[in-house]
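We will go from stop to stop, selecting as we go.

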Amino acid sequence: MDFPPLKPNARIEVRIKGYDESPRFATKVEGVSKSGYWIYAPYTDDWRSMIRKGDEIEVAYPYRGAIYHYHSEVIGESGRRVKLLEISEPLFIRREQRRGFVRVPILLDVQYAPNHGDNGEVQWESGVAVDISGGGTCIFLADPPSWLKCGETLKLVLPIGPDGGPFKVSAEIVRIEESDRPEQPGVSVGLSFIGITDREETAIVRFVFDRQRELIRKAIDPE
């Protein structure tokens with residue numbers, strides 16, 4: 001067998017098939033059904049994904065350093081308090097020899113500074129991280145500095161270490177978008193982590209999955 005079968009508690013990402021702009025949602029396999037698998041209906045902060053019975057979906061399964069891609073169909077729904085989706089036996093499509101990353105929403109105060117490599121005093125600035133994945137983050141800056149531009153690298157301190165402690169990483173600016181909200185001027189800055197070790201990447205991914213579980217709990221029991 002050149003691909004792994006899904007297993008209970010396996011972490012996966014799903015999205016509606018054929019829509020490249022459709023977001024991927026992180027969830028996990030609840031168990032095996034008669035015709036395929038039960039998965040938890042994925043949630044975000046304030047809305048449930050519109051994946052429902054009858055939809056064809058793409059499934060991405062990170063496994064041992066690779067990503068296995070499948071096609072499947074949502075063939076059933078179950079549960080009230082905890083909603084489950086039944087998917088048909090997945091059809092294996094391809095394997096990617098790289099890691100995939102789930103992106104989750106957050107609101108965390110961060111510190112950043114230009115990574116110029118000189119020995120002068122570092123001028124730290126403040127921003128707010130609005131989402132994060134194992135490969136990068138997006139921060140919102142109400143008052144962006146003049147040196148900010150795509151391709152620049154910076155030092156970033158995120159409060160995602162143990163007990164909310166500082167986590168330092170380097171990142172490259174890959175996207176800058178001005179706010180379209182007049183009442184909240186500023187820019188959103190997409191950052192890609194660079195030069196991180198496997199241990200650092202594992203720590204970030206662990207934080208992301210912990211955050212995902214928190215979102216699922218809030219969706220299930222808002223109180």
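Which residues have the most contacts inside the largest nonpolar core? Select Ile132, Leu156 and Leu158: they are the ones, in a core of 28 residues. A nonpolar core is a set of buried Ala, Val, Leu, Ile, Met, Phe, Trp, Tyr and Cys residues joined through side-chain atoms within 4.5 Å. Buried means under 20% relative accessible area, exposed means over 50%, and partly exposed is in between (1.4 Å probe, protein chains only).

Before moving on, two notes. This is a predicted model: local features need pLDDT of at least 70, side-chain atom pairs count only at pLDDT 80 or more, and totals for chains, interfaces and linings use all residues. Residues are numbered from 1 along each chain as its sequence is written, and side-chain values use heavy atoms, with hydrogens and water left out.

**Stop 1: the whole chain**

Show the cartoon. The chain has one helix and 13 strands. Helices (H or I, at least four residues) and strands (E, at least two) are DSSP runs, numbered from the N terminus. Follow the chain from the N terminus: the elements run β-β-β-β-β-β-β-β-β-β-β-β-β-α. Of the 223 residues, 43% count as buried.

**Stop 2: the cores**

Go back to the largest core, with its 28 residues. Colour β8 (104-114), β9 (125-132), β10 (136-141), β11 (153-158), β12 (167-178), β13 (187-194) and α1 (198-220): each supplies at least two residues of this core. The largest share, five residues, comes from β8.

Now zoom in on Ile132. Contact means heavy atoms within 4.5 Å. Leaving aside neighbours within four places in sequence, the contacts of Ile132 include Val104, Ile106, Leu158, Phe193 and Phe207.

**Stop 3: the barrel**

Which strands close into a barrel, and in what order? Select them in turn: β8-β9-β10-β13-β12-β11, six strands with antiparallel pairing. The twist averages 45° from one strand to the next. (Axes are lines fitted to C-alpha atoms, for helices over the stretch in contact, and angles run from 0 to 180 degrees between N-to-C directions.)

Strands of a sheet pair through backbone hydrogen bonds, either parallel or antiparallel. Here, two strands pair if DSSP finds at least two bridges between them.

- β10 and β13 run antiparallel, joined by six bridges. Select Ile139: its bridge partner in β13 is Val189.
- β12 and β13 run antiparallel, joined by eight bridges. Select Ile173: its bridge partner in β13 is Leu191.
- β11 and β12 pair in the antiparallel sense over six bridges. Select Lys155: its bridge partner in β12 is Ser170.

**Stop 4**

Select Ser72, in strand β5. Is Ser72 buried or exposed? Ser72 counts as buried because its relative accessibility is 6%. The side chain of Ser72 reaches the backbone oxygen of Ser88 at 2.8 Å. Not counting residues up to four places away in sequence, Ser72 also touches others, including Asp55, Ile57, Ile87 and Pro90.

Next, select Lys83, in the loop between β5 (66-78) and β6 (84-88). Lys83 is buried too, at 16% relative accessibility. The side chain of Lys83 makes a polar contact with the side chain of Glu77 (3.3 Å). A polar contact is a pair of N or O atoms within 3.5 Å; within protein, one must be able to donate a hydrogen and the other to accept it, and residues adjacent in sequence count only if both atoms are side-chain atoms.

**Stop 4: two cysteines**

Select Cys138 and Cys150. Cys138 is buried at 7% relative accessibility, whereas Cys150 is partly exposed at 47%.

**Stop 5: two positive phi angles**

Select Asn9, in the segment before β1 (11-16). Asn9 has a positive phi of about 75°, although it is not a glycine. Asn9 is exposed, at 52% relative accessible area.

Last, select Asp163, in the loop between β11 and β12. Asp163 has a positive phi of about 60° and is not a glycine either. Asp163 is exposed, at 86% relative accessibility.
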